[in-house]
Protein chains: 2
Amino acid sequence: MVGMRDVAKKAGVSLSTVSLVVNASGYVSQDMRHRVEQAMRELDYIPNELARNLYRGRTGMIGVIVPTLRHPFFATLVSALQGRLAKHELQTLLCSTADADTGEAEYVSRLRRHMMDGIIMAAHTDHPADYWTSIGRPVVAFDRTLGDTIATVRSDHERGGRLVADQLVKSGARHVVMVGGPRSQFDDRGEGATTFPTVRYFQTLGERLDAAGIRHEYVACGPVTDVEGYARAVHMLFDRLDESRSGGSSGSSASGSDAGNGGIPPVDAIVGSDVVAACAVKEAFAHGLNVPRDVQIIGYDGTCLADCAGMTLTVIKQDFDTIAERLASHIVDAVNEPNARDHADADDSKDAAGADIVPVSLRIGDTTRPVA
Amino acid sequence: MVGMRDVAKKAGVSLSTVSLVVNASGYVSQDMRHRVEQAMRELDYIPNELARNLYRGRTGMIGVIVPTLRHPFFATLVSALQGRLAKHELQTLLCSTADADTGEAEYVSRLRRHMMDGIIMAAHTDHPADYWTSIGRPVVAFDRTLGDTIATVRSDHERGGRLVADQLVKSGARHVVMVGGPRSQFDDRGEGATTFPTVRYFQTLGERLDAAGIRHEYVACGPVTDVEGYARAVHMLFDRLDESRSGGSSGSSASGSDAGNGGIPPVDAIVGSDVVAACAVKEAFAHGLNVPRDVQIIGYDGTCLADCAGMTLTVIKQDFDTIAERLASHIVDAVNEPNARDHADADDSKDAAGADIVPVSLRIGDTTRPVA
DNA sequence: CTGAAAGCGCTTACAG
DNA sequence: CTGAAAGCGCTTACAG
């Protein structure tokens, strides 16, 4: 392998001169520069970045922790992130907790050992906040709270909830089923606010529906990594709907809890992630139900599924580009000034916990009825 | 930052002893070992991997070049790859050519500068074979030919073509439309074989349909990165179908070239990637066509779209896990013995060009008719 | 089995 | 503006 030393020898100059030329820093006379460049060309010299990394204590790589790329949501997020990080000269190191059955601890350990410069955390974690704050290296969180000193970026899920509630109320929905992750996500973690901002969508939606007197219930599936789990849950849901529609002879009490079966309006709206919504469209077809006449369906996320699900889905779109931009700029800040706390720049797009809030929007598709 | 030197000092031993303990290599007496371990614990010593990298000339990272993660096919591939690479203690460095508008040259340069140990190439490239073979560092190709010395892994697309032809023939299809990438992909590149193995699917399918006397045509869309391009192409296709179905008044000659419009059977089968198939289902619904009675739809790839497209798609499934396993083991070989050429182990699952061929399978869904 | 020494390839103060 | 020197933090021959 040809190194700087060889170039220096060939050009008849010192090591440092070569270094200055390679890095285009400092002043080197035209003459020297040319001789060095010529020597580099002749020897086909390629700088070894490893040595630079060691000296600088940096690798230029950011670990992005997600559960799995198989879920279009994370694929889209990572895609956007890679583009943004690249603009800051940072590489994206893929860290999936489910795809490689490696816990996040493995990646945190790599962060500690300087194999990456920082971590963007977008996967579930059981570690408490002090685990994350004690790492002492750059970490930024997406859609979850990891501790006071760790910046968070998330979508405005409350707005999502309001937009969807509005759509449902105005289109005359009478019985809404929300399909989402495990109920345990709704639990507080001391702070009085859940660490899973996403559940705020369902909470806000639920409150609004309550206020409008619209019946609603929540069906929990497995964790986000289990895409098939969603399919099963939606499948079972429709079987149940069949039962309730085919008369009051339903033996199970699953279709209602606090009212006599007779008076319960049939389910006429299903709400959940894009995956849930896509499955719902499929089941509706299979069960001979007309969408949106018999049942309205509203997705959440705005991934490619929203346009590939057999019908153009009405969805809440998360703004992946803006999210990625914010995450990237937070991690760049953290990498550049490791000691600086949050740039408390009194940004009004932050919530009480100081999270960076990105707006969402409602995209009307063909799976909802026109509003009154 | 606390380094090995500090640990050595604290434990009262030499640097090398600490190194031996950290690496669990060589023999160290129990006593020494304990003292060192204790010191490491007390000082909270964390080895700096950067120094190791420099010494070993390795980073433990493999670059995976794909066009974009936004396409479920590549998301699934990368997901599988990450899992496999992790089993070999290798990290996955995401290198998207479209997401970060960075050409592959940028990543090859990083490979050269030792920022990664090898590259798995799964994106389109305009560079000729000798560009790739001249890199002189580990490269493995997925689904494309990059030169004699570069190992290739691909699915058995010919088999895919046969399976689909069989399905179409037996179910009585009369007019098949294939929707795929730009026609230019079909061109030879000297070697007498296209560098895009995927087109072999369409070629084989076409030959078989010819043999069975079934009419077929090819509609070209933009490059794979342009998912919306597929949607548009399929949309236009259905508009054309409407026209041809509503009588012979079609002014355009697009629907046929070598026969009078009158005698052409209406299109009753659409074949393409999962994305194409999903769009086709959607358009069929929108146009009031019954699937599979009026039109059969067959996808290719077997990504999550195959189960989220409004109907369970009949698809050719690529075996992502096996593909990832093969790619990973090839790159591991290449990294470990840089000079070794192909392990010419006379594997019978290789084609003439020496590619490693992985079987595909047909998954029957609800978008095809029963076979005779 | 343990310690002093050289070195991985590059950078950056620091004298000339 | 250029050159000799020390050092990034760790590893591995090589003597003891």
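**View 1. Contacts and make-up of chain A.** Among contacts in chain A between residues at least 6 apart in sequence, 70% join residues at least 24 apart; two residues are in contact if their C-beta atoms, placed from the backbone, lie within 7 Å. The model is predicted: local features need pLDDT of at least 70 and side-chain atom pairs count only at pLDDT 80 or more, whereas totals for chains, interfaces and linings use all residues. Residues are numbered from 1 along each chain as its sequence is written, and chains are lettered from A and ligands numbered from 1 in the order in which they are written. Chain A holds twelve helices and twelve strands; these are DSSP runs numbered from the N terminus, helices being H or I of at least four residues and strands E of at least two. Of the 372 residues of chain A, 48% count as buried. A residue is buried if 20 or more other C-beta atoms lie within 10 Å of its own, exposed if 12 or fewer, and partly exposed in between, with C-beta atoms placed from the backbone.

**View 2. The domains of chain A.** Chain A is divided into domain 1 (4-47), domain 2 (59-154 + 321-357) and domain 3 (157-248 + 261-319), with bounds that come from an automatic or database domain assignment. Between the C-alpha centres of domain 1 of chain A and domain 2 of chain A lie 39 Å.

**View 3. A:Val22 in helix H2.** Helix H2 of chain A contains A:Val22. A:Val22 counts as partly exposed because it has 16 C-beta neighbours inside 10 Å. The C-alpha atoms of A:Val22 and A:Pro47 are separated by 8.2 Å, the two residues being 25 residues apart along the chain.

**View 4. The surface near DNA strand C.** Of the 27 residues around DNA strand C, those that come nearest are A:Gly3, A:Met4, A:Ala51, B:Ser16 and B:Ser29; a residue is near a strand or molecule if its C-beta atom, placed from the backbone, lies within 6 Å of it. Two or more residues are given to this surface by each of helix H2 (15-23) and helix H4 (49-56) of chain A and helix H2 (15-23) and helix H4 (49-56) of chain B. The largest share, five residues, comes from H2(A). By class the surface has 15 nonpolar, eleven polar and one charged residues, where Ala, Val, Leu, Ile, Met, Phe, Trp, Tyr, Cys and Pro count as nonpolar, Asp, Glu, Lys and Arg as charged, and the others, Gly among them, as polar.

**View 5. The surface near DNA strand D.** A:Ser16, A:Ser29, B:Gly3, B:Met4 and B:Ala51 come nearest of the 27 residues around DNA strand D. H2(B) gives the most to this surface, with five residues.

**View 6. The contact between chain A and chain B.** The contact takes 48 residues from chain A and 48 residues from chain B. On the side of chain B that touches chain A, the largest share is the eight residues of H5(B). That side divides into 26 nonpolar, 15 polar and seven charged residues.

**View 7. The paired strands S2.** Strand S2 (residues 91-96) of chain A and S2(B) run antiparallel and are joined by three bridges; two strands pair if DSSP finds at least two bridges between them. A:Thr92 has B:Leu94 as its bridge partner in S2(B).
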